[in-house]
Amino acid sequence: MNLKTFTRLELKNFLNGRSVLVVFLCIGLAVAYAVYQGGSLAEKQSEIAAQTPQMQVDHTDRMLEVHAGKELADFLYYHKFYTAHEPSDWAGFSVGQSDVNANNIKVTLLTLEGQIYNSELSNPTNQLFGNFDLSFVIVFLFPLLIIAFTHNLISAEQESGTWSLLRSQPTSVRKIFWFRIGLRFLIVSLTAIVLITLGCAFLGTAFDGRFLYAILLTLVYFAFWFGVSAFVISFGKGTTFNALSLLGVWIFLVILAPALLSSVVATTFPVSESLETTITQREGYHEKWDKPKAATMERFYKKYPQFKDIPIPEDKFTWGWYYAMQETGDFESADATERYAEKLKQRQNFTEKVAWVLPTVNTQLQFNEIASTNLESHLEYLESVREFHSKIRQTYYPHIFKNAKLTDVDMKKAPQHSFKNENESNLLNGQLLALTILSFVFISLGFVRMNRKNI
Amino acid sequence: MNFTNVKKIISHEWKNIFRNRIVSATVGILAFALFTALFVGWQNYQTYEVEREKYQQSVADKWVNQPDRHPHRVAHYGYIIFRPKSALSFFDSGVESFAGNSIFLEAHKQNSTNFSEARHSSGLLRFGELTPAMILQLLVPLLIFFLGFTAITGERENGTLPLLLSQNVSWREILFGKTLSIITIIFSLLLPIAVVGLLFWFVLSNGQISFDSFTRILFLFLVYGLFFAICAGVSVLVSAFYKSSRSSLLTLIVIWILFFIIMPRAVQNLGAIIYETPSQSEFEKNIEKDISKEGDSHNANDPKFAEIRKETLKKYNVSDVKDLPFNYRGYISLVAEEISSKIFSKHYGEVLEQFRLQNRFAEFAGIINPYLAVRQLSMATAGSDFASYENFQWQAEEYRFEIIQKLNKLYVEEIKAENDRDQKLDSKIWSEFPTFENKPVSFGESIKNQILSVIASLVWLGLVFAGLWFYEPENV
């Protein structure tokens with residue numbers, strides 16, 4: 001029997017089963033639903049970002065009306081500057097942490113640390129249940145498909161009695177086995193590629209390097225599961241044993257291990273720095289009211305020497321002093337803020353290391369990275385808000401120290417914020433290598449065991 | 001139904017099941033996972049509570065130790081509360097990790113509750129958290145399915161079924177016998193673990209377990225017992241339906257994947273797409289619009305307060321606010337705070353209503369999926385559900401309103417209008433303020449919120465019971 005006929009027969013045999021068609025239909029439906037849900041969430045975020053400039057204009061107009069005739073400094077106490085984290089083109093592919101993290105923070109000229117961590121109005125129950133997006137279908141559901149298609153590759157023949165017939169063929173059964181595994185890998189991969197391509201087309205994600213990387217990642221991830229399946233099959237046990245063992249591996253990798261880790265991370269790296277920041281920025285600012293103005297100003301002049309020559313009388317309220325006090329709130333919480341960022345980095349590093357041995361976590365985190373919906377992307381957004389805030393400080397402090405009136409400044413020409421990160425380059429990394437190595441290890445183990453057991 | 005027959009089937013099944021090595025191994029793994037979950041859940045709860053108490057105390061100390069200050073300054077200094085976790089959150093953490101942990105309370109505005117655990121997560125959290133509830137909800141049913149898939153098909157394949165039926169044993173007796181054996185096996189496995197868990201809990205909490213917590217735990221036993229009975233019945237019925245064990249196993253696994261993995265994610269967020277809520281910016285804009293119609297509380301001369309001014313002047317029969325027997329600026333602060341608090345509550349109430357409607361979606365889905373019903377019932381009983389989160393939010397707002405209005409009243413009564421800003425209250429007043437006590441949703445209220453889930457669970461139990469009672473498979 002030559003390869004071509006064998007392939008034809010095998011394909012016919014595989015595709016003839018009614019259940020196979022049902023399974024394909026189900027996975028198609030799952031992808032369609034995932035595109036709908038992921039797309040809806042990303043679209044909502046896009047809308048928010050798109051509305052932001054108009055909301056800023058409306059807000060500024062309203063404030064100008066309500067606070068007309070005031071000093072600029074007084075006005076700026078109320079006026080908010082809008083920022084937005086525009087979702088990347090890939091956000092609908094993997095919602096990641098984007099539904100948890102704030103994406104439209106507003107800041108006034110006051111202490112930044114008291115405002116930058118404000119959160120979104122969100123329903124915690126939605127976040128608890130998680131999202132049904134394309135990355136979920138790939139990371140959670142496709143492995144089940146792989147298990148379903150491969151677990152009985154040898155045992156079914158053994159149980160139906162065709163095994164001895166197969167063994168009497170001149171071609172070695174090992175070869176046939178790997179051929180069948182390979183064929184199934186091709187079928188599942190092709191299905192995934194077609195569905196992902198269609199999904200991406202509907203989501204409107206950019207067909208750039210990220211698309212190729214997502215496909216590559218998916219295939220390596222599938223290779224891992226095929227490897228695990230081959231390894232389990234190589235024990236030569238029955239269908240039920242194989243099915244249950246593989247389901248056990250799936251539960252461990254998809255549910256138990258990540259859940260355990262996530263709880264361990266929360267206990268090992270408690271982020272109490274966040275609470276500390278909240279307290280110190282508030283104290284740092286408020287205690288200045290009860291202290292001599294000169295001390296506050298001295299600290300302030302270290303950063304802004306250009307305002308040194310403007311007198312700040314000790315016995316009178318001045319707006320220059322007021323905003324200087326506000327900024328000292330930031331100075332004094334800077335240390336806690338730094339440790340906060342450090343703690344988040346530690347968490348991130350720890351997770352990434354563990355992801356080396358947990359392909360599920362590894363793949364999910366990489367999808368989040370592609371989609372720029374990970375923690376890092378959010379921190380970059382916060383960084384952009386920090387820069388923006390320092391820009392508005394630089395823009396308005398000179399006017400405040402000059403006791404400008406609101407009418408002296410055109411608020412409609414205020415600095416504007418925009419932020420969008422598209423993670424197009426630097427995708428190849430150690431995480432993918434780890435996944436590749438792990439896949440290779442399991443495939444080889446399966447290979448070696450099969451040879452040894454001489455199946 | 002002849003109970004001696006049922007008993008015989010049960011004792012026979014007990015002997016059989018433990019012969020299976022896979023079952024013993026699974027049970028071992030599950031017990032280990034449960035203990036790990038208990039330990040990890042407890043650690044998480046403890047770590048959080050220790051930190052929280054430390055920072056809460058620090059905020060309270062700083063408040064009391066404030067120097068002499070003007071009341072309105074203190075209204076802006078404000079207060080920070082850190083959200084306490086429910087005592088049973090170590091068992092079922094519910095939405096705890098997705099709810100904010102600290103809220104800054106100040107005059108004029110309501111801030112968001114910030115720093116949820118989820119915001120500090122690199123994304124791992126979305127796979128779920130290891131809690132005893134998670135093991136009981138997701139994995140124990142799977143074990144039940146493994147115990148049950150051969151219940152009838154096994155007898156069929158061995159050819160013992162006709163033998164059994166010819167011995168005057170009815171289908172009803174077989175189905176109930178098999179179901180009861182699975183239930184008793186699961187209970188005998190889990191009860192010792194539960195007892196050890198309870199003992200640990202008792203020791204770790206230094207014997208300080210409230211009556212409320214205790215009743216909640218008892219109710220949880222009931223809920224999970226019911227849930228396991230439903231799962232056992234379903235697995236036996238599926239086994240009775242199929243000719244081969246393989247088919248029944250496959251069906252049960254598909255049911256598990258569909259009901260336990262896919263449906264929860266698919267359903268809950270569909271609710272979020274259908275019942276839209278405003279973004280934080282829109283929400284703030286709506287409040288801002290309403291408030292700007294009412295006047296600026298920092299500006300007592302705002303023309304929008306003219307009506308109030310007129311009324312007040314008339315009431316005290318004076319022609320200028322300077323002649324009033326109290327501080328008019330403080331009075332405007334007091335009145336404006338009441339107005340803005342009402343506006344906020346109205347808008348926030350509307351958003352929470354939408355959230356509740358979103359959650360209703362999954363609650364209704366509980367009628368077709370008992371896993372969802374039990375999951376929500378468990379969260380509610382543990383005091384870590386949405387209602388508890390909402391309850392905290394309102395209490396925080398109430399507390400904010402209480403201390404801000406107390407400060408405003410001090411402003412009105414103790415601060416003279418002349419030289420307003422330069423006056424200060426004596427620092428001993430700060431210790432006369434109430435502290436924040438979080439009052440959890442009462443047990444009865446929690447259950448009332450989840451009445452739909454209670455009904456769904458009971459309906460399922462009824463359906464399974466009816467199935468076992470009436471089903472007589474054609475295949476022998």
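1. Helices α2(A) and α8(A) are roughly parallel to each other (an angle under 35 degrees). The angle between α2 (residues 18-66) and α8 (residues 173-203) of chain A is about 25 degrees, and their axes lie 10 Å apart. Axes are lines fitted to C-alpha atoms over the stretch in contact, and angles run from 0 to 180 degrees between N-to-C directions. Helices are DSSP runs of H or I with at least four residues; strands are E runs of at least two.

2. This is a predicted model: local features need pLDDT of at least 70, side-chain atom pairs need 80 or more, and totals for chains, interfaces and linings use all residues. Residues are numbered from 1 along each chain, and chains are lettered from A in the order written.

3. Which residues of α2(A) meet α8(A)? Among them are A:F24, A:I27 and A:G28, and their partners in α8(A) include A:T191 and A:L195. Contact means C-beta atoms, placed from the backbone, within 7 Å. The contact has seven nonpolar, five polar and no charged residues. Gly counts as polar; Asp, Glu, Lys and Arg count as charged.

4. Chain B has a strand, β1 (residues 79-82), with both faces covered. B:Y79 and B:I81 on one side are buried, as are B:I80 and B:F82 on the other. Buried means 20 or more other C-beta atoms within 10 Å of the residue's own. In a regular strand, side chains alternate between the two faces of the sheet.

5. β1(B) runs antiparallel to β2 (residues 102-105) of chain B, joined by four bridges. Pairing takes at least two DSSP bridges. B:I81 stands opposite B:I103.

How values were computed. Angles under 35 degrees count as roughly parallel, over 145 as roughly antiparallel, 65 to 115 as roughly perpendicular and the rest as oblique. Two residues are in contact if their C-beta atoms, placed from the backbone, lie within 7 Å. A residue is buried if 20 or more other C-beta atoms lie within 10 Å of its own, exposed if 12 or fewer, and partly exposed in between; C-beta atoms are placed from the backbone.
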